[in-house]
Amino acid sequence: MPDVVTCCQEQLVKDSGCCLDSSKPASVRQQRLTRPGTSWTCDAPRCSDADSLAGGRGDDLVSAPSEASCASPRILWIHGGSWMYGSPFSLGYDALASKLAMLTGAVVMVPDYPLLPIGNYSTILDAAIHALQWLATLASVNGLSCGLSEASPPMFLAGDSSGGGSALSLLLHLMKDPELLPIATRVSGGIFWSPWTNLMCNTPDYFANVYSKSVAQLGGKRVQVRSGDIIFTGSADDNSADFRENALEYLGQAHQMLTDPVASPYFAGDEELAAMLPPLYFAVGAEESILGDSVIFAQKAAVHGTAVRVDVFHGMWHVFPMYSEGCGCGHELWQGARAWNLTANFVRSVEGGGVFGAGVTTALREPLTRIIYDESTLYGQGQGLPESGLLLPLSDRPIGVMGDAFALGPAAMTYTATGLAGLLLGLLLARPCFWPGLRLRRCLGRCYLRRKAIDSDSDI
C-alpha cells in the first residue's frame with residue numbers, strides 16, 4: 001500500500017478520532033448564525049468528552065464561496081457522530097463545509113441539532129426540516145438580496161455517517177409531505193458519505209468486514225497488513241449490538257422503529273420509493289461495516305427509477321473523504337481527494353441539468369456502481385494503470401434485494417448464458433459418466449480407464 005494509506009491506517013487504529021482534515025480555503029466566507037428557537041445546552045460529560053463544546057449550543061455554520069449568488073446551489077449538510085457527538089465547529093466539519101462550498105460553488109449550511117440524549121429521531125428530523133426551510137428562503141448571499149420571486153436555486157440534502165442516515169430520512173419524509181418545503185422549492189439531489197441507514201445493524205458486511213491484522217511478505221520485507229473496518233475494530237457481534245443500542249437511544253427505545261422505512265431508510269419499500277427520489281450520490285469505503293447500508297439502499301432506489309451513483313473505494317474506511325489531506329503523513333490521500341471531486345462533479349452535473357454525465361438517465365433502474373481500486377496494490381506498482389485509480393463499472397441490477405423478485409441485468413444475463421452453454425458442453429463431453437442408472441463407482445472407473453488410455457497414446 002502507498003505510505004499515506006498505511007500511515008493513516010496506523011494512526012486511526014490507535015485513535016479513530018485523529019487526523020481529520022483541518023484546512024479551510026481563504027476564498028470561502030464562514031458565518032456563525034443564530035436562529036430563533038434553536039438553542040440548547042450540552043452538559044458534561046458527554047459533550048466535553050466528545051468535542052469540548054459543552055454549554056450553550058444551537059448555532060449554525062453557513063459557508064459561502066466568494067462567487068456565490070442567490071442562484072447558486074445550496075447544500076444542507078447534517079453532521080455525523082452517532083447523533084451523540086460533533087457540531088458544525090468541531091470534528092472537522094468547519095473544514096468540510098468550507099471545502100464543499102469552494103468545490104461546488106454552493107452555499108453550505110451545517111445545523112447544530114440537539115445531540116442524544118437531549119435530542120432524538122423526531123427532534124433531529126424537525127431541526128433538519130427547519131434548517132432546510134431557512135436555507136431555501138435565504139434572504140441574502142454575499143450581500144446580494146434574494147427575493148422570493150426569483151427561481152428557486154438547486155437544493156441538496158447531504159450528510160455523513162449518522163448524519164447521512166438523517167439526511168436520507170429527511171428526504172423520504174419530504175417525499176411523503178412535500179408541503180414542508182417552501183413554495184417552488186424542490187430537492188435537486190442527495191449526497192451521502194458512508195451513511196448509516198440500517199438501524200437493525202445486521203447487514204452481512206458487519207461480518208465480512210471484521211477488522212483483522214496479519215504479517216505478510218511484500219517486496220522482501222515483513223509488513224503488518226490491516227484489513228476490514230479499522231474505525232470500528234470490535235467483533236461483528238459486538239459492533240452490531242453496540243450500534244443497535246445507539247440506534248435505540250436515537251429512536252427513544254422504540255424497537256419497532258428499527259425497521260421503520262423513514263427512520264431506518266434501508267427498509268424503505270415501494271410506498272417510500274415509488275415517487276422516485278432526486279439523483280443520489282454515495283461514497284463509501286469497501287472495508288466498512290456499514291458498506292451495505294449504502295449499496296443496498298442505492299440498489300432499491302435505482303430499481304424504482306432513481307438515478308443513483310455509488311462509488312465504493314477499495315481499502316478505505318468510514319467517511320474517508322474527511323481525511324483527504326493525508327492524516328499529516330506528508331501527502332494527500334488520493335482516494336479522499338477523488339471522492340471530493342466526484343461529489344463536486346455530481347453537484348455541478350445536477351445543477352446543470354444533467355445526471356452523472358452524458359448517456360446516463362433516470363431510466364437505468366439500476367445503480368451506476370463503480371469500485372475504485374488503489375492501483376499501487378495491483379500488478380506490481382500499478383503498471384499501465386491510470387494514476388487516479390482503476391475504475392471497474394458494475395451495472396448489473398441487484399439480485400433478490402430486500403425481497404425483490406429475482407432479476408438480472410444485461411451483463412449478468414450474458415454471464416448466465418455463457419455459463420449455461422459451458423455446462424451443456426461439459427455434459428456432452430462427459431455424457432458416459434451421466435447415463436441414468438450408472439453407479440458412481442462404475443462412472444469413475446470408466447473415466448479413469450479413458451484417461452489412462454489417452455495418457456498412453458503417444459500420438460495425442
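**Overview of the chain.** The chain has 13 helices and 16 strands, taken as DSSP runs numbered from the N terminus (helices H or I, at least four residues; strands E, at least two). This is a predicted model, in which local features need pLDDT of at least 70 and side-chain atom pairs count only at pLDDT 80 or more, while totals for chains, interfaces and linings use all residues. Residues are numbered from 1 along each chain as its sequence is written, and side-chain values use heavy atoms, with hydrogens and water left out. Of the 460 residues, 51% count as buried (buried, under 20% relative accessible area; exposed, over 50%; partly exposed, in between; 1.4 Å probe, protein chains only).

**Close-up of Thr197.** Thr197 sits in the loop that runs between strand 10 (187-193) and helix 6 (205-208). Thr197 counts as buried because its relative accessibility is 0%. Leaving aside residues up to four places away in sequence, Thr197 touches Leu168, Ser264, Pro265, Tyr266 and Asp293 (contact, heavy atoms within 4.5 Å). The side chain of Thr197 also reaches the backbone oxygen of Asp293, at 2.8 Å.

**Close-up of Ser235.** Ser235 belongs to the loop between strand 12 (221-227) and helix 7 (236-250). With a relative accessible area of 34%, Ser235 is partly exposed. Its side chain reaches the backbone nitrogen of Asp238 at 3.1 Å.

**Ser235 and Tyr206.** These two residues are 29 residues apart along the chain, and their C-alpha atoms are separated by 8.6 Å.

Key. A polar contact is a pair of N or O atoms within 3.5 Å; within protein, one must be able to donate a hydrogen and the other to accept it, and residues adjacent in sequence count only if both atoms are side-chain atoms.
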